[in-house]
Amino acid sequence: MATVIIPTPLRKFTNNTARLNVSGATIQDTVQELTTNFPDLKKHLLDTDGKIRSYVNIFIGNDDIRSLQQEKTTVKEDAVISIVPAIAGGVPDDTAGSGNSNAKPGAAAGPGNANGRSGPSASAAPVFTKEELARYNRHIIIPEFGMEAQQKLKAAKVLVIGSGGLGSPVLLYLAAAGVGTIGIVDFDVVDDSNLQRQVLFGVDEIGKPKVEAARRRLQALNPYIQLNIYNTHLNSQNALDILRDYDVIADGTDNFPTRYLVNDASVLLGKPNVYASIFQFEGQVSVFNYRNAKGEPGPNYRDLYPTPPPPGLVPSCAEGGVLGVLPGIIGSLQALEVIKVITGVGDTLSGRFYIFDALGFESRTFNISRREDNPINGKNPTITALIDYEQFCGMRAVEEKPLKEITAKELYQLQVHGEAFQLIDVREPHEYDIVNIGAELIPLATVADNADRIYRDKKVIVHCKMGGRSAKAIRELEEKFGYTNLYNLKGGILSYIDEVQPELTKY
């Protein structure tokens, strides 16, 4: 029988099973078997027409079924089938930003380096001080790397979008390696919950802008590099102005609108985009829009995921969590790919998509290719300028039909006055064990099956950690069962702790 590898985000729908044996003769048969055996998988794998969703990729071995016979692709008995959905990769308030720089970037570099590949343009070789030569000695003495590659690093300009879980190791290793100019885009401030994985920061930086804290740390690590910081939100109005001054873009963002924005801006400007994403125990890395020695561009993010998942379908790391060491592993691989793109040393992940599963300590690399229907650089492109990415990802549609909400203080008043209401917690049991406020626990994946436990004749308040999963639960109950008495706790249990019971444990 063939084996299907279930990705981390979907394992909660397969009883936490990572590998399943299937007997289907084709991919279509296989998906039918999976959705029959695990009905909750259906809405995540198939659209309303029964087609595989555009943000779900399926590989047989290393090959994308879209380059084979798609759903009709034959499945051999010993085949290994991998399902690879899009993952957002981080926490909403870690969203990278852009805007006014506190340091002025230098002039834009050319489109290629000396060996014809994407990267900084060939120019006069940088001169190293005696101290720099001593610092970079372990690079320079590598025969396949040497002085030439180190000079390319010093001449390069890299923009790192996001300084959080992924951005921390990327920034640390690029600075240590001697990348001459590094831009940092982020509008968030350091929070104590960041320190579990964002190793760039310490407790002394809590409450301070991340870009400023990052600059101080990196300048202390390597005083021979230039650091440009952008403490603002990256958007369609400023992205091109910021990205154009850099040779390579490192995407460490945490949400789909910004991912598509970074991809499209990189393609329009002809910049290689080194991508990484994380969720719970799983990470992804690739190199997009990388020109080979012939000047041909490689695949980009839209070749892999033409459209994003609906809002709320794929949880962020704030909702689903992430093992603290995982961003370090994946971010280090991302930094490695940036260095390879700059120097031309080794083979990049262009045209390949790498996945690491920390639980099983397994890694897989899949082949990806360009699509003729890619809307930004396919056969007949329809995107020639940056668009409204929140609207593209469905965010505006959700905002136009707001849910009924209740604040933490309003909930507290209901509790104090003894008013009749039902409180539902849709987090996972392990989260409930860490901290709870006396609600009935009905995990999100089981809400529909437990609808009979939810009252219709009194106010029902639903909460999760931050408000995302509870909003999804309410929408599902309203759409499937016609509930009209549901209220979302704004900000979730974290808001309740901040405003009502600060003595409770935050996580």
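Q: How much accessible surface does the protein chain have, and what share of that surface belongs to carbon and sulfur atoms?
A: The surface comes to about 21700 Å², and 51% belongs to carbon and sulfur atoms. Areas come from the Shrake-Rupley method with a 1.4 Å probe; for residues, only the protein chains shown count as cover. This is a predicted model: local features need pLDDT of at least 70, side-chain atom pairs count only at pLDDT 80 or more, and totals for chains, interfaces and linings use all residues. Side-chain values use heavy atoms, without hydrogens and water, and residues are numbered from 1 along each chain as its sequence is written.

Q: What share of the 507 residues counts as buried?
A: The share is 54%. Buried means under 20% relative accessible area, exposed over 50%, partly exposed in between (1.4 Å probe, protein chains only).

Q: Why is α15 called roughly perpendicular to α18?
A: Helix α15 (residues 408-416) and helix α18 (residues 492-499) pack at about 75 degrees, with their axes 9 Å apart. Roughly perpendicular covers 65 to 115 degrees; under 35 is roughly parallel, over 145 roughly antiparallel, the rest oblique. So α15 is roughly perpendicular to α18. The axes are lines fitted to C-alpha atoms, for helices over the stretch in contact, and angles run from 0 to 180 degrees between N-to-C directions.

Q: Which residues make the contact between α15 and α18?
A: Ala408, Lys409, Leu411, Tyr412 and Gln415 of α15 meet Ser495, Tyr496 and Glu499 of α18. Contact means heavy atoms within 4.5 Å. These residues divide into 4 nonpolar, 2 polar and 2 charged. Nonpolar covers Ala, Val, Leu, Ile, Met, Phe, Trp, Tyr, Cys and Pro; charged covers Asp, Glu, Lys and Arg; the others, Gly among them, are polar.

Q: What makes β12 and β13 a pair?
A: Two strands pair if DSSP finds at least two bridges between them. Strands β12 (residues 352-357) and β13 (residues 362-367) have 6 bridges, in the antiparallel sense. Arg352 has Asn367 in β13 as its bridge partner. The two strands form a hairpin with 4 residues between them, and Phe361 in the turn has a positive phi of about 45 degrees.

Q: Why do β14 and β16 count as edges of their sheet?
A: The open sheet has 5 strands, ordered β14-β18-β17-β15-β16, with parallel pairing. β14 (405-406) and β16 (440-441) each have a single partner strand, so one side of each lacks a neighbour in the sheet. Helix α17 (residues 468-481) packs on this sheet, touching β17 and β18.
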